[in-house]
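Let's take a friendly walk through this structure together. Have the sequence and the 3D view open as you read.

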Amino acid sequence: MKLKKIITVVTVLFLVNTTFAQDLFTKPQSNISYLDSIKKTFIKDNIASCVDSLWMKELTSLDLYNDLENDIKTINLDEKVDYELPTELLKQRLKEMDSKSPFHIEYNQGLENIIKSFLRNRKKAYERLMAVSEYYFPLFEDALAKQNVPLEIKYLAVVESALNPKAVSRVGATGLWQFMYQTGKQYNLNIDSYVDDRSDPLKASEAAAQYMTNMYKIFGDWDLVLASYNSGPGNVAKAIRRSGGQQNFWNIRKYLPQETQGYVPAFLATMYIYEYHKEHGIVPNRAVVKHFATDTIMIQKQMTFKQISDLLDIPVAQLQLLNPQFKLNVIPAYFDNKHFLRLPLDKIAVFTSNEEKIYAYVQHELDQRERPFSRFQSALASRDSIESGESYTVSRTKFHKVKRGDNLSEIADRYDVSMSDLKKWNKLKSNKAPLGRKLKIITSERIAARVKKPKVDSTAVASVSKPTSTITTAVAQVTPKDQKVYKEEKVVSFQDVTKFHKVKKGII
């Protein structure tokens, strides 16, 4: 019986220890951050995300804008291009386009040359542009239709900026429609330290439509309106006078600035390629974000793209594409002006369902920021620095081996560095992460420096701690020998006293 009891006790102890060990290893205790605790309470929406951040980074690359801008400036319309497109077929197609458009689309050798040049050298670029245009064109058409401007002018944004809202020309023209600073201000586009409405697709498109309307009132010809958009109405007016009063673009073309001479032909060539891309074997890349797949929400408290990215699990690169008007990746909250954040529909659902929690997290982050020191805080800080030591920043170099599925945007976010720095450190020209390569990453870390505490003379301390009969004795014991000690003197002041004497009888 005793043996059975011993076996039973051992078995129970073994089971208890096994269970405890399993709990110890399978349920590790971890400190949950404030961000994670908030996200755990989020109400999720089941709508699938329609955005691929890798693809978005590819489409927002500035190489298309730079190449297209260079083509327009340097192309020679008189130089024949060898490309398999019969002239008679091109004439027929241009005639069909002309019948449906208020523009004067007529065949000429210069237009044929630029169409063939684009088809030969820019097929891949147009495949990418056609994907981006599925997002932007509905915005453009809506703004143009409100002002009764020909919808074909949407192709002008392709020529102006290669559909990149962050494009900036050598003279400072900015955004999809390449507004100069003064012109943007003239058309009520706000430009300040946080916001540049020239990069806002909606506001800039409305301003562009208004500009076109005003120019048409002056020239009465849409080809000349396009020329004035590029070079200004003054240059077009001078070209008309120099040509003897002719008002057809092709007749005044040689009197216009060099860049404008290729500008309208590039617009017409782009229109042709969009209309007949199937016939030339151009297959548009898949559209990642479409206009109807996004929505906006008004922001009530200033927040950063990084905070939104952490809360909603959305790449910063995607926020930059959808909200290009915010220059510093910060959505400000002005007392007199509201700003709106554009998000995919599924993220809008998460934001609106958890708005109070999101603003609570933003306020928490704000409360953690370093504040300007008061005099009292400065004294405490100096005391702490003496006791615990100062801190300093050091640079550390790390290496990240690129695995399948990695992309530069996520790697930069992981190490809290910018993509431009990451590309510069590793001499990368594109936004693709090279598979298998070790990427150099330079980070900054704050290190606390230990400072030795000054030694204190034990005899001096002992003498101070002893009770003494007079204060002067204690001071004398801790004062250096070369320092003079002065005696305290009691100063007695005298006051004038007036006395009174009562005179009695018999006293003279």
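Begin with helix H16, which spans residues 305-312: six of its eight residues are buried, so the rest of the structure largely encloses this helix. Keep in mind as you look that this is a predicted model. Which residues of H16 are the buried ones? They are Phe305, Gln307, Ile308, Ser309, Leu311 and Leu312. To count as buried, a residue must have under 20% relative accessible area.

The chain holds 24 helices and six strands. It has 508 residues, and 41% of them count as buried. If you take the contacts with a separation of 6 or more, 70% of them are between residues 24 or more positions apart.

Where does Lys403 sit? You will find Lys403 in the loop that runs between strand E5 (391-401) and helix H21 (408-415). Is Lys403 buried or exposed? Its relative accessibility is 58%, so Lys403 counts as exposed, the cut-off for that label being over 50%. Lys403 also belongs to a patch of positive charge on the surface, where it gathers with Lys401, Arg414 and Lys438.

Methods: Residues are numbered from 1 along each chain as its sequence is written. This is a predicted model: local features need pLDDT of at least 70, side-chain atom pairs count only at pLDDT 80 or more; totals for chains, interfaces and linings use all residues. Side-chain values use heavy atoms; hydrogens and water are left out. Patches are made of residues with over 30% relative accessible area and no salt bridge: like charges are joined within 9 Å, nonpolar side chains (Val, Leu, Ile, Met, Phe, Trp, Tyr) within 5 Å. Accessible areas come from the Shrake-Rupley method with a 1.4 Å probe; for residues, only the protein chains shown count as cover. A salt bridge is a side-chain nitrogen of Lys or Arg within 4 Å of a carboxyl oxygen of Asp or Glu. Lys and Arg count as positive and Asp and Glu as negative; His and the chain ends are not counted. The place of a charge is taken as NZ of Lys, CZ of Arg, CG of Asp or CD of Glu. Helices (H or I, at least four residues) and strands (E, at least two) are DSSP runs, numbered from the N terminus. Buried means under 20% relative accessible area, exposed over 50%, partly exposed in between (1.4 Å probe, protein chains only). Contact means heavy atoms within 4.5 Å.
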